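Biologist: Could we go through this structure together? I would like to discuss its domains and charged pairs.

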Amino acid sequence: MLLIGAPGSEFRLAAELARSAGAEVAMADTPGEGLVELRQGGADLVMIDVEADITAFMASIRAERFTIAVLACGIDAPAERAVAAIRAGARDYVPLPPQRELIAAAIASVVERKAPAWIGGHPALARALSLAAGVAPSAAPVLITGEKGSGKEMMARAVHDASGRPQPMLVAECAGVAPDVIESELFGHEAGAFPGAVARRIGRLEKAGHGTVLLREVGMLSPALQAKLHDVLQKQQFRRLAGHETIPFHGRLIATSSLNLDALVESGTFRADLLVRLGLVRVEVPPLRARGEDIIALARYFAKRHAEVDGLPPRAFTDEALALLQRYVWPGNIRELDETVHRAILLGRGAAIMPGDLVRADGTPLAELNTETNPLDINSLVGRTVEEVERELILQTLERCHGNRTSASNILGISVRTMRNKLRSFIDAGIAVSPAP
């Protein structure tokens, strides 16, 4: 984490207190000095004093292709300053308490990146954890697959923490980021590489040293970047953008994907040779609906944690609420369960959490959704064409995932593009699809 604030300010003094207590933070006096720090290897988060020139800082990081979250922070800052920071491009404004020790504690809690202990002991999860632990001490790349919200990054952090590598794990987001921005993020660039490149930037691959680089949603990389990444894995070296110096790569790559990469290879959108190198070891994180009693253990853990954080009395689940949690298909996996339990803690008024307290973000009760899982009736398939069976399977899976095409595609083992094309063909044939692609 990088903290930007004037020396002697309460924010800066609290940051120094947090660092003296062991928090891994870098500090800069001004936005300009903060940019120098980012060019030397970046950070995964910037906290900047709301009194600083955030508008100029945000303009600079956009011009230099940084993809980093920026939080504006302040103690009793005027509302107009907070609004101006958001308008300038800061992700959020975080009001800080006036006590220096509390600010330091908040900073330390954000910096802490150790992987939490996994809750539950389902055999599918145990197998994944065993494979992750077995490969952790090596330098082999690891591919972690699973649906969105299932815990892929948590698994990656577990691999890194068990590897014994002293450097922190660096994260690069591949989804929803322009290829040229990802290229600078990973490989760095020299001054003059493009109009906004006013100075040399050290990329994640170089900054990692002997540590770990995590590529989130590697299936979203452009073909050109896939080729460059393959070269890194093959030659264990790379060059900065517009650079001539060959830089050795000593780190370890971990990649995650919620897409079916094998299907992407078949469709020609992902390199087969890159998948072979990344997928030397594949750890598949099971979806929540496949983890049986783990759902109950996780729900109880989240309920206890959120009650403590929000200063509310602990509440147990009724048997009916627990049964509902186990019937629901959880298209959003652990993340959705966490949010659902949090809402129940905040909105429920009874002594215990009841089925009616379990609602989605839009207020729809889980009990009103299709939570039953029907067994496959082979007899019902006899006399039907393969095309009809495939269509029914796709539509029913989409329905059970509440229209979430990514989740449905993962369950079916097809790419999102294939799913979209199938749905369009259904519509062209006059078959209703909701929601329409």
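**Domain contacts and salt bridges**

Modeller: E147 and R289 form a salt bridge, with their closest N and O atoms 2.4 Å apart; the term denotes a side-chain nitrogen of Lys or Arg within 4 Å of a carboxyl oxygen of Asp or Glu. This is a predicted model, in which local features need pLDDT of at least 70 and side-chain atom pairs count only at pLDDT 80 or more, while totals for chains, interfaces and linings use all residues. Residues are numbered from 1 along each chain as its sequence is written, and side-chain values use heavy atoms, leaving out hydrogens and water.

Biologist: Which domains does the assignment give?

Modeller: The protein chain is assigned domain 1 (2-111), domain 2 (137-284), domain 3 (289-368) and domain 4 (378-429); such bounds come from an automatic or database domain assignment.

Biologist: How many residues are in contact between domain 2 and domain 3?

Modeller: Four residues of domain 2 contact six residues of domain 3, where contact means heavy atoms within 4.5 Å. The two domains bury about 400 Å² between them, 31% of it on carbon and sulfur atoms; buried area is the accessible area (1.4 Å probe) that two parts lose on being put together, summed over both. Of the area that domain 2 buries against domain 3, E147, G149 and S150 supply 82%.

Biologist: And how many salt bridges are there in the whole structure?

Modeller: The search finds 24. One of them joins R39 and E64, at 2.8 Å from N to O. R39 lies in helix α2 (residues 31-39) and E64 in the loop between α3 (54-63) and β4 (69-74), so the pair ties together parts 25 residues apart in sequence. Helices (H or I, at least four residues) and strands (E, at least two) are DSSP runs, numbered from the N terminus.

Biologist: Is E64 buried or exposed?

Modeller: E64 is buried, with a relative accessible area of 3%. Buried means under 20% relative accessible area, exposed over 50%, and partly exposed in between (1.4 Å probe, protein chains only). R39 is also buried, at 13%.

Biologist: Turning to the backbone, what is the phi of W330?

Modeller: Phi of W330 is near 50°, a positive value in a residue other than glycine. Most residues other than glycine have a negative phi. W330 sits in the loop between α14 (319-327) and α15 (333-347) and is buried, with a relative accessible area of 0%.

Biologist: Where is A242?

Modeller: A242 is in the loop between β9 (237-238) and β10 (247-248). Its phi is near 70°, again positive, and A242 is exposed at 51% relative accessible area.
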